[in-house]
Amino acid sequence: MAPQGSRAELEFGGPLGAAALLLLLPATMFHLLLVARSGPARLLGPPPYLPELEELWSPWALLLCLTWLGLQAALYLLPARKVAEGQELKDKSRLSYPINGAWGLGPCAELWGWGWSPRPGGEVCGDEPASPIAILCLFYAQDGGGSTGSLHTPPPSTPSIAATLCTREVAGVTLRKLKCLTNGSGQGFQALVLTALLVGLGVLAGLPLSALPEMLLPLAFAATLIAFIFSLLLYLKALVAPASALAPGGNSGNPIYDFFLGRELNPRICSFDFKYFCELRPGLIGWVLINLALLMQEAELRGSPSLAMWLVNGFQLLYVGDALWHEEAVLTTMDIIHDGFGFMLAFGDLAWVPFTYSLQAQFLLYHPEPLGLPLASVICLINAVGYYIFRGANSQKNAFRKNPSDPRVADLETISTATGRRLLVSGWWGMVRHPNYLGDLIMALAWSLPCGVSHLLPYFYLLYFTALLVHREARDEQQCLRKYGLAWHAYCRRVPYRIVPYIY
């Protein structure tokens with residue numbers, strides 16, 4: 001019996017396409033891992049060999065993957081947090097998400113333990129004496145300008161360090177504990193910093209991080225196994241979920257298609273949101289960790305990391321750090337508000353991202369590429385242009401989605417729809433409907449250029465991302481057409497190009 005709930009047109013070629021992708025995506029990932037370490041490094045040729053099961057399966061790799069997931073889940077559940085509301089769901093409710101840029105875990109724990117609570121006007125109560133840790137918390141509580149909400153400061157007469165602290169109200173969410181511990185960054189960025197500190201301490205204590213590249217195959221196999229089992233559990237959980245919790249596109253009634261796309265929109269256990277957790281935490285931070293391990297192994301093999309390896313690590317660390325710093329912006333993306341959480345996102349987050357997106361660093365370890373300062377400077381400029389477009393467009397879109405009257409976008413030209421919604425026209429150049437995708441592509445090119453032009457393999461990410469973004473843009477177009485009707489046609493006439501000006 002087909003599940004109840006809203007339905008959408010089948011995507012990805014329907015059940016047959018979903019079944020093919022269940023096999024094609026893991027096969028592609030393992031193909032890339034194998035050819036990156038081979039001499040010819042042919043993207044389009046056959047892999048140098050087919051690994052035996054003994055080479056793929058390792059209980060230690062599985063334990064390492066589970067430990068990594070457990071560490072990131074523990075950081076996700078840290079008690080000091082800012083809470084933001086997601087977009088409105090079908091049942092008119094909104095889910096809360098932890099978003100906290102607090103850096104000082106000691107300061108947070110001490111203030112949290114003191115149990116200060118905000119007064120109705122927003123003031124912080126408490127007469128505890130000032131301590132060095134509390135003063136540090138004062139520093140971390142300052143506004144970083146990156147998050148929304150209103151600031152309330154207590155009157156000067158409050159006789160304690162608490163008087164100088166601020167509280168932040170986020171999207172109407174009422175907190176019972178202190179709400180001051182935020183500096184505009186996301187809790188995911190905090191997780192990145194804490195992970196870096198833990199890994200650094202581990203390396204100082206003798207952790208053989210440079211041995212990680214030799215375990216990429218069994219680690220990828222373990223991550224794929226976890227993604228399949230996790231997706232099955234998510235599918236079974238969705239069978240008992242209410243109709244209001246189902247995703248628009250993942251409840252077709254075909255088990256293969258629904259397993260792939262995901263039946264439930266925001267699967268949770270208590271307040272732990274699985275999709276939100278996987279979207280930005282274990283895979284993205286794992287990508288950075290693998291890159292770092294590859295850099296360290298190159299240093300051991302050749303005496304020091306190459307300039308090309310430094311550039312790839314730096315560019316991709318910037319990308320991941322940006323995503324985690326602006327963690328709250330993910331709440332308005334298609335992945336969160338439209339797509340169900342099934343194998344497509346689970347495998348992508350847990351396996352595809354860390355083991356495929358690190359392809360350039362893998363290639364450089366086995367195929368060193370000399371790079372001079374003049375060319376490196378040009379590549380840095382290309383990446384800077386891409387990042388500028390990407391970050392500016394994403395920030396503008398997120399601000400407009402959350403509040404079309406936001407001062408940052410209120411003066412920009414818009415088109416009104418029949419339902420009273422507005423479409424942003426001006427934005428970036430007023431000629432590209434998805435400039436953030438253009439920024440993505442420019443950065444992807446900059447990540448590949450340090451690897452030279454003798455092999456196509458390092459440019460796989462650019463080719464893959466081009467296909468991905470064109471497909472995603474087509475999905476965006478269809479959804480906007482259904483949502484805005486004739487106003488969308490007017491919008492497309494005013495903003496003629498989809499991603500690349502004068503080309504597409």
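1. Helices (H or I, at least four residues) and strands (E, at least two) are taken here as DSSP runs, numbered from the N terminus. On that basis the chain contains 18 helices and 8 strands. The model is a predicted one, in which local features need pLDDT of at least 70 and side-chain atom pairs count only at pLDDT 80 or more, while totals for chains, interfaces and linings use all residues. Residues are numbered from 1 along each chain as its sequence is written, and side-chain values use heavy atoms, with hydrogens and water left out.

2. On the chain as a whole, buried residues (under 20% relative accessible area, where exposed is over 50% and partly exposed lies in between, with a 1.4 Å probe and protein chains only) make up 53% of the 504 residues. Of the contacts (heavy atoms within 4.5 Å) with a separation of 6 or more, 77% are accounted for by residues 24 or more positions apart.

3. On a 1 Å grid over the protein atoms alone, a cavity is a set of points where a 1.4 Å probe fits but cannot get out, whereas a pocket is an open set with protein on both sides within 12 Å along at least five of seven lines, and lining residues have an atom within 4 Å of a point. Grid points are joined across faces, edges and corners, and a volume is the space filled by probe spheres set on the points. A search of the whole structure with these rules finds 2 cavities of 30 Å³ or more.

4. The largest cavity has a volume of about 40 Å³, and the residues that line this cavity include S231, Y235, D258, R263, E264 and F341. Helix 7 and helix 8 (255-261) are the elements that give two or more residues to its lining, with the largest share, 4 residues, coming from helix 7. By class (Ala, Val, Leu, Ile, Met, Phe, Trp, Tyr, Cys and Pro count as nonpolar, Asp, Glu, Lys and Arg as charged, and the others, Gly among them, as polar), the lining of the largest cavity has 5 nonpolar, 3 polar and 3 charged residues.

5. The second largest cavity, with a volume of about 30 Å³, is lined by L33, A36, R37, L216, Q362 and Y366. Two or more residues of this lining are given by helix 1 and by helix 14 (359-366), and the classes are 4 nonpolar, 1 polar and 1 charged.

6. Helix 3 (59-76), helix 6 (187-204), helix 7 (216-239), helix 10 (282-302) and helix 13 (343-356) each supply at least two residues of the lining, and helix 3 gives the most, with 6 residues. The lining of this pocket divides into 22 nonpolar, 4 polar and 1 charged residues.

7. Two packed helices are described by the angle between their axes and the distance between the axes. Axes are lines fitted to C-alpha atoms, for helices over the stretch in contact, and angles run from 0 to 180 degrees between N-to-C directions; angles under 35 degrees count as roughly parallel, over 145 as roughly antiparallel, 65 to 115 as roughly perpendicular and the rest as oblique.

8. The axes of helix 11 (residues 307-325) and helix 15 (residues 373-402) come within 11 Å and cross at roughly 10°, and the two helices are therefore roughly parallel to each other. Their contact is made by residues including L311, F315 and Y319 of helix 11 and I379, Y387 and F390 of helix 15, and by class it has 11 nonpolar, 1 polar and 2 charged residues.

9. Helix 17 (residues 460-484) and helix 18 (residues 486-494) pack at an angle of about 130°, with their axes 6 Å apart, which makes helix 17 oblique to helix 18. Here E477, C480, L481 and Y484 in helix 17 meet L486, A487, W488, H489 and C492 in helix 18, a set that divides into 7 nonpolar, 1 polar and 1 charged.

10. Two single residues deserve a look. M29, in helix 1 (residues 14-36), is buried, with a relative accessible area of 0%, and, leaving aside its neighbours within four places in sequence, M29 is in contact with A220, T224, F347, A351, W352, F355 and T356. E473 lies in helix 17 and is also buried, with a relative accessible area of 0%; not counting residues up to four places away in sequence, E473 touches R433, H434, Y437, R498, I499 and Y504.
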